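Dear colleague,

Please find the structure below, together with its sequence.

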Amino acid sequence: MKFAIIGTGGTGGVLGGYLAHAGNDVTFLARGRHLQAMQENGLLIRTNHRGDIRIPKVKACTMDEYLQAKETPDVLFVCVKYYSLPDAIEFARHAAGKETLIIPILNVFGSGAVMQEKLPGLTALDGCIYVFAKIAEPGVIAQPQSILRVFYGFRPGQSQELSGKARELEATLRAADIHAHFTDQIQRDALTKFSFVSPMGAAGLYYGAKSDEFQHPGKVRETFIGLIQEVQALGEAMGITFDRDLVANGLKLMDAFAPGLTTSMQRDVEKGGPSEFTGLVDRIVALGQEYHVATPLYAKISAWGHEKGLAR
């Protein structure tokens, strides 16, 4: 299978790096110094659980160069930030074919449906990932936590013409040491993941908190729990039946984290650039209004973020 990875940050770098290290045909779509470093020196993933994963030679180029080469991937993983989704949609419109699985692996719930609406005739699934990684320096990805689980699947009512390829993908990912799950409950599984990453991002940003501050009793942990409960109530109003207690699940994940970790949204805000605030915070407030579910904690953080100019 031919893979193309849009966005080679923590998510795309780990996902594509594991696939490439296992011998798969992977093209990384990147830009700037990170792209130049990969073209010159390959990709290095530093982990604490399996040492350094070094891919000395990788296929890496810009999106424009990929389109000029008229490549068509079997699987297009979209691993960009939510604010870059329009660019990814435009790329997919020209690069993907009728046999291509387009799988957005974003923090924001419902990204696949957003892509599908703009890409008639193509197949955009929904997906999510559990991973903690970031670019340490150009050409180097740091993955301090061993967690690496990918969920993807077709939404209810979506054509499953490419289900055979989706099943084949699951085996390929697992062979690359990626815990992959081709699920028939992707909305449940994606919102379960969102119920962790969104509350952590929202509370972490609001309090300026790192992972260890979530692991002890106090206002940060209490807010984290309250935000999860609001997401769970929203999901139930949407008709989603969860297969686990989302609060217990979120606390289990959080308590296993190494100290001193922050979310990508916090790091983006610290850099002064755009962030996923609209997708991770405002989206829940809007969905709460749509489904008549109270989201007071999200509403408070949303109002605070707008005052700070974070919603851009």
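A residue is called buried when its relative accessible area is under 20%. Please bear in mind throughout that this is a predicted model.

Met38 has a relative accessible area of 1%, and therefore counts as buried. Met38 belongs to helix H2, which covers residues 32–41. Leaving aside neighbours within four places in sequence, Met38 is in contact with Thr8, Phe28, Ala30, Leu43, Val58, Ala60 and Gly139. Met38 and Pro56 are 18 residues apart in sequence, and their C-alpha atoms are 8.6 Å apart in space.

In soluble globular proteins, nonpolar side chains tend to be buried together. The largest nonpolar core here has 43 residues, and Met200, Phe214, Phe224, Val281 and Tyr298 have the most contacts inside it. At least two residues of this core come from each of strand S9 (126–131) and helices H7 (186–207), H9 (219–237), H10 (246–255), H12 (277–290) and H13 (296–307). Helix H7 gives the most, with nine residues. Not counting residues up to four places away in sequence, Phe224 touches Phe196, Pro199, Met200, Ala203, Phe214, Gly250, Leu251 and Met254. Apart from this core lies another, of 40 residues, which includes Ile103, Ile105, Ile141 and Val150.

A charged residue also deserves a description. Glu276 is located in the loop between helix H11 (264–271) and helix H12. Glu276 is buried but has no salt bridge, and Lys81, the nearest side chain of opposite charge, is 5.3 Å away. The side chains of Glu276 and Asn107 are joined by a polar contact of 3.0 Å. Not counting residues up to four places away in sequence, Glu276 touches Lys81, Tyr82, Tyr83, Asn107, Val108, Ser264 and Met265.

Finally, the cysteines. A disulfide is a covalent bond between the sulfur atoms of two cysteines. How many disulfides does a search of the whole structure find? The search finds zero. Cys61 is in no disulfide, and the nearest cysteine sulfur, that of Cys79, is 15 Å away. Cys61 is buried, because its relative accessible area is 12%. For Cys79, the closest cysteine sulfur is that of Cys128, at 12 Å, which is too far for a bond. Cys79 also counts as buried, because its relative accessibility is 11%.

Yours sincerely

Note on methods:
Residues numbered from 1 in each chain as written. Predicted model: local features only at pLDDT ≥ 70, side-chain atom pairs only at ≥ 80, totals over all residues. Heavy atoms only, no water. Core = buried A, V, L, I, M, F, W, Y, C linked by side-chain atoms within 4.5 Å. Buried < 20%, exposed > 50% of the residue type's maximum accessible area, 1.4 Å probe, protein only. Helix = DSSP H or I, 4+ residues; strand = E, 2+ residues; numbered from the N terminus. Contact = heavy atoms within 4.5 Å. Lys, Arg positive; Asp, Glu negative; His and termini not counted. Salt bridge = Lys/Arg side-chain N within 4 Å of Asp/Glu carboxyl O. Polar contact = N/O pair within 3.5 Å; in protein donor to acceptor, adjacent residues only side chain to side chain. Disulfide = S-S within 2.5 Å.
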